Amino acid sequence: MTNQTNDSLIAIKGLRKAFGKQKVLDGINLQVAKGETVAVLGRSGGGKSVLLKLLIRLQTPDSGSIRIAGEEITRLEEKQLNDVRKKIGFLFQQAALYDSLTVEENVAFPLRRHTNQSAAEQKDRVHELLADVEMDQDLEKLPSQISGGMQKRVGLARALALDPEILLFDEPTAGLDPITATEIGNLILELKKKRHLSAIVVTHDVQGAKAYSDRMVLLHNGTIQAEGSLAELQRSEDGFVAQFVGYGSK
Amino acid sequence: MIYPAIFVLAAAISGSLAASRARMRLNFPKNLFTLVFEWFGELGFFCARLFRAALVPPYEFGELLRQCDEIGSKSLPLVALAGAATGVVLSLQTRDSLIRFGAKSFLPSVIVFSIIKESGPIITGLIVSGRVGAGIGAQLGSMKVTEQIDAMEASAVDPYKFLVATRVLACILMLPLLTLASDFCGIFMGWIANMLAEPISLRLFLESGFKNALFSDFIPPTLKTMVFGFIIGLVSCFQGMRTLRGTEGVGRSATSSVVLSSLFVVVADVLLVRLILTIWG
């Protein structure tokens with residue numbers, strides 16, 4: 001079912017996670033190659049966001065293996081784990097911008113902590129990142145003073161600050177109007193072409209995912225129910241897959 | 001002293017019960033016992049993580065200074081006002097009693113000793129636990145439920161180092177300084193209140209007030225507020241970092257931070273006074 005490749009930047013094997021008696025992930029196997037974008041689809045509460053959080057070890061798996069750029073992250077010490085985290089950018093569902101910091105300070109936050117750049121270099125880099133997401137006009141604003149779509153753009157700029165090799169998107173278009181959602185989708189597509197990043201995008205938006213992903217994965221009952229392009233999923237004889245993709249494509 | 005302690009204890013227990021109604025169900029005493037043990041156990045792990053974050057470089061000096069400003073400078077007006085009010089009340093209340101016993105000349109000493117040994121430190125501790133405890137609990141709680149703390153961890157920044165260690169350390173450093181301010185305002189306003197009833201120069205008031213005072217009357221009670229600062233910072237950060245269930249959880253964290261830190265400050269005060277008396281007589 002999964003594409004087994006030797007050059008996988010992300011390799012997940014037998015991943016299990018339960019909260020009490022509720023099994024959220026029950027033996028997930030997934031590989032993401034360098035430069036590949038995989039969309040993870042599934043019903044709400046189906047464990048998609050948990051999968052992303054396990055990938056960056058914000059949560060700990062019950063069993064299974066997660067290799068990021070060859071490093072088994074489930075067993076890493078905090079310092080080594082942080083080195084791996086620097087290779088990953090994470091765009092949270094609600095952007096998760098630091099609400100006491102301005103837009104500029106939010107994007108500068110990882111740079112201040114992990115680079116030896118001078119203040120001027122950092123400022124230039126922040127402006128460049130914000131220009132890439134068309135947010136370089138609102139540097140002094142606080143997150144509460146900008147819209148949800150703008151917050152996601154700033155969150156994306158912050159996720160890109162350390163030049164990651166991998167990007168994880170948690171519902172990047174959720175709660176946005178169709179125009180802003182398309183703009184965010186275009187940004188993901190642009191990033192993919194420009195930076196050749198590997199990405200996992202958790203989403204409900206089947207049509208959006210079709211535009212920017214190389215492959216789709218459908219999570220159901222804690223397992224990968226189907227995998228492939230949208231056309232392949234549409235041809236599936238599995239009732240749930242057909243229903244999900246059918247509704248999502250309307 | 002005993003009444004506020006009972007009140008705070010009752011409030012803490014009711015807060016804990018409300019927070020865990022779902023888990024309490026049938027076996028009330030057993031569950032309460034388990035909850036208390038769980039809470040202290042988690043606090044122990046939290047403490048261990050805090051110490052590691054505080055001791056291992058790199059250090060977050062910039063954030064520490066910002067927190068010192070937030071906790072110290074911004075609490076100063078309230079602490080000074082509370083200290084001043086205590087001084088005035090002490091002067092008004094004690095004056096009458098001392099006149100009745102023919103010991104009016106002891107009034108400056110009574111005011112100075114009451115303030116530097118107990119009123120100043122405990123008033124400062126309780127005022128800061130109210131203002132700062134609620135602030136830290138709500139701020140960290142809100143950061144937790146909006147995934148800002150997750151975002152910090154995802155950026156390879158240790159939230160214990162950046163958010164917790166800086167706040168706890170700032171509380172430890174600021175409490176003695178705020179206590180000095182509270183003591184000063186209390187003694188000064190005690191003199192003003194005394195002067196309005198019977199003119200006396202500030203110099204004479206201070207000379208008779210501090211005539212029999214030793215360093216051991218002043219230093220240990222002031223430094224014990226560092227323990228209060230540690231308790232306030234630790235408990236409110238802990239409550240904030242374990243916030244669950246959205247805005248309701250944030251409100252609960254803010255309330256429980258104030259209630260629990262006030263409770264532990266009062267308990268610690270009793271123990272520290274006993275310890276100070278044992279060591280310095």
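Helix H6 of chain A runs over residues 178-195, and its 18 residues reach 25 Å from first C-alpha to last. That is close to the 26 Å expected at 1.5 Å a residue, where the expected span is 1.5 Å times one less than the number of residues. Helices (H or I, at least four residues) and strands (E, at least two) are DSSP runs, numbered from the N terminus.

The model is predicted: local features need pLDDT of at least 70, side-chain atom pairs count only at pLDDT 80 or more, and totals for chains, interfaces and linings use all residues. Residues are numbered from 1 along each chain as its sequence is written, while chains are lettered from A and ligands numbered from 1 in the order in which they are written.

Stay with H6(A). Which of its residues are buried? They are Ala181(A), Ile184(A), Gly185(A), Ile188(A) and Leu191(A). A residue is buried if 20 or more other C-beta atoms lie within 10 Å of its own, exposed if 12 or fewer, and partly exposed in between, with C-beta atoms placed from the backbone. Seen down the axis of H6(A), the buried residues fall within an arc of 115°, so they line one face of the helix. The arc is that of the directions from the helix axis to the C-beta atoms. An α-helix has 3.6 residues a turn, so residues three or four places apart point the same way. The face turned away from the buried side carries the exposed residues Ile179(A), Lys193(A) and Lys194(A). The cover over the buried residues of H6(A) includes helix H5 (148-160), strand E7 (166-170), strand E8 (198-202) and helix H7 (206-212) of chain A. After H6(A) comes His196(A), with a positive phi near 55°.

Asp163(A) also has a positive phi near 55°, and it is not a glycine. Asp163(A) sits in the loop between H5 and E7 of chain A. It counts as partly exposed because it has 13 C-beta neighbours inside 10 Å.

Now take chain A as a whole. It has nine helices and 10 strands. Buried residues make up 45% of its 250 residues. Its radius of gyration is 18 Å, which agrees with the value near 18 Å for a compact globule of 250 residues. That radius is taken over C-alpha atoms, and the globule rule is 2.2 Å times the number of residues to the power 0.38.

The largest nonpolar core has 129 residues, and Val40(A) and Leu168(A) have the most contacts inside it. Such a core is a set of buried Ala, Val, Leu, Ile, Met, Phe, Trp, Tyr and Cys residues joined through C-beta atoms within 7 Å. Its largest share, 14 residues, comes from helix H8 (residues 159-197) of chain B. A second, separate core of nine residues includes Leu90(B), Val112(B), Ile115(B) and Ile116(B).

How do the chains meet? 14 residues of chain A are in contact with 10 residues of chain B; contact means that C-beta atoms, placed from the backbone, lie within 7 Å. Helix H2 (78-85) and helix H3 (103-114) of chain A each give two or more residues to this side of chain A. H3(A) gives the most, with four.

Chain B has its own details. A cis peptide bond joins Pro57(B) and Pro58(B), with omega about 5°. Pro58(B) is in the loop between helix H3 (28-55) and helix H4 (61-73) of chain B.

Conventions. Two residues are in contact if their C-beta atoms, placed from the backbone, lie within 7 Å.
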